[in-house]
Amino acid sequence: MDPGVETEFREFVVARSAALFRTAYLLTGDRHAAEDLVQSALAKTAARWARLRDPGAVEGYVRRAMYHEQVSRWRRRSRVSEVAAEWLPEQAGGEHADAAELRLVMREALARLTPRQRAVLVLRYFEDLSETEIARLLGVRVGSVRSQIYRSLERLKQAAPELSAVRELG
């Protein structure tokens with residue numbers, strides 16, 4: 001890659017990597033898988049960078065590459081065949097089973113939220129960003145962020161009352 005073109009590509013990556021990561025996270029639901037997805041899409045983009053001169057087309061190309069890569073991963077995962085066993089495994093017991101059940105309940109409850117509500121919760125509680133930083137990233141007012149967080153937490157409480165009971169005990 002010629003040095004001028006490489007500089008353009010690096011500037012694009014620095015400027016848009018956070019937004020691309022958020023999109024990848026919403027596609028995958030997993031931070032590490034999202035990082036892999038962004039890297040794969042950027043590698044494909046770097047290989048074709050010289051042909052992508054329109055700045056508006058570049059981001060669309062990267063996002064489309066992420067989407068197609070994730071669809072391919074979903075399809076590969078669904079092809080795994082299951083084989084019946086002669087015996088059933090023993091059920092896990094104790095705290096491990098309770099923790100696993102809570103994770104499943106939490107995942108289901110989060111899946112019921114709107115993408116915006118999930119994004120706000122992820123940025124606030126998993127990325128540990130302030131409400132002001134979230135508002136700046138999403139291009140909305142701080143009041144909107146606060147109301148989205150409040151609505152999200154209320155929907156989580158309604159969707160998974162088990163989580164509220166565990167939280168009160170802890």
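Predicted model: local features only at pLDDT ≥ 70, side-chain atom pairs only at ≥ 80, totals over all residues.
Me: Why is Val58 called buried?

Reply: The word buried applies under 20% relative accessible area. Val58 has 3% relative accessibility, so Val58 counts as buried. Val58 lies in helix α3, and beyond its neighbours within four places in sequence it is in contact with Phe12, Thr45, Trp49 and Leu52. Its C-alpha atom is separated by 9.8 Å from that of Arg48, ten residues apart along the chain.

Me: Which residues of the largest nonpolar core touch the most other members?

Reply: Those are Phe12, Leu42 and Met66, in a core of 18 residues. Helices α1 (3-28), α2 (31-47) and α3 (55-78) each supply at least two residues of this core, and α1 gives the most, with six residues. A second, separate core has seven residues, among them Leu123, Ile134, Ala135 and Val145.

Me: Why is the ring pair of Phe12 and Trp49 called tilted?

Reply: A pair of aromatic rings is described by the distance of the centres and the angle of the planes. To pair, the centres must lie within 6.5 Å; planes under 30 degrees apart are stacked and planes over 60 are edge-to-face, with the rest tilted. Phe12 and Trp49 have ring centres 5.6 Å apart and planes at 45 degrees, so the pair is tilted. Phe12 sits in helix α1 and Trp49 in the loop between α2 and α3, so the pair ties together parts that are 37 residues apart in sequence.

Me: Are these two rings, Phe12 and Trp49, buried or exposed?

Reply: Phe12 has 12% relative accessibility and counts as buried. Trp49 is buried too, with a relative accessible area of 5%. Ring pairs link Phe9, Phe12 and Trp49 into a cluster.

Me: What makes Phe21 and Tyr25 a tilted pair?

Reply: Their ring centres are 6.5 Å apart and their planes are at 35 degrees, so this pair is tilted as well. Phe21 and Tyr25 are four residues apart in helix α1, which means that about one helical turn separates them. Tyr25 has 23% relative accessibility and therefore counts as partly exposed, since that label runs between the 20% limit for buried and the 50% limit for exposed.

Me: How do you know that Arg31 and Glu35 form a salt bridge?

Reply: The rule asks for a side-chain nitrogen of Lys or Arg within 4 Å of a carboxyl oxygen of Asp or Glu. The side chains of Arg31 and Glu35 meet at 3.9 Å, N to O, and by this rule the count comes to ten salt bridges. Arg31 and Glu35 are four residues apart in helix α2, so about one helical turn separates them. Arg31 is partly exposed at 40%, and Glu35 is partly exposed at 36%.

Me: Which other residue forms a salt bridge with Arg31?

Reply: That is Glu127, with the closest N and O atoms 3.2 Å apart. Glu127 lies in the loop between α5 and α6 (131-138) and Arg31 in helix α2, so the pair ties together parts that are 96 residues apart in sequence. Glu127 is partly exposed, with a relative accessible area of 29%.

Me: What separates the closest N and O atoms of Lys44 and Glu69?

Reply: They are 3.1 Å apart, and Lys44 forms a salt bridge with Glu69. Lys44 in helix α2 and Glu69 in helix α3 are 25 residues apart, and the pair links distant parts of the chain. Lys44 is partly exposed at 34%, whereas Glu69 counts as buried at 16%.

Me: Why does Phe126 count as exposed?

Reply: Exposed means over 50% relative accessible area. Phe126 has 57% relative accessibility, so Phe126 counts as exposed. Phe126 is found in helix α5 (residues 115-126). With Tyr125 and Leu153, Phe126 forms a nonpolar patch on the surface, with about 330 Å² of accessible area together.

Note on methods. Residues numbered from 1 in each chain as written. Heavy atoms only, no water. Patch = residues over 30% accessible without salt bridge, like charges linked within 9 Å, V, L, I, M, F, W, Y side chains within 5 Å. Areas by Shrake-Rupley, 256 points an atom, 1.4 Å probe, with all protein chains shown as cover. Buried < 20%, exposed > 50% of the residue type's maximum accessible area, 1.4 Å probe, protein only. Core = buried A, V, L, I, M, F, W, Y, C linked by side-chain atoms within 4.5 Å. Contact = heavy atoms within 4.5 Å. Phe/Tyr/Trp six-rings, centres within 6.5 Å; stacked < 30°, edge-to-face > 60°.
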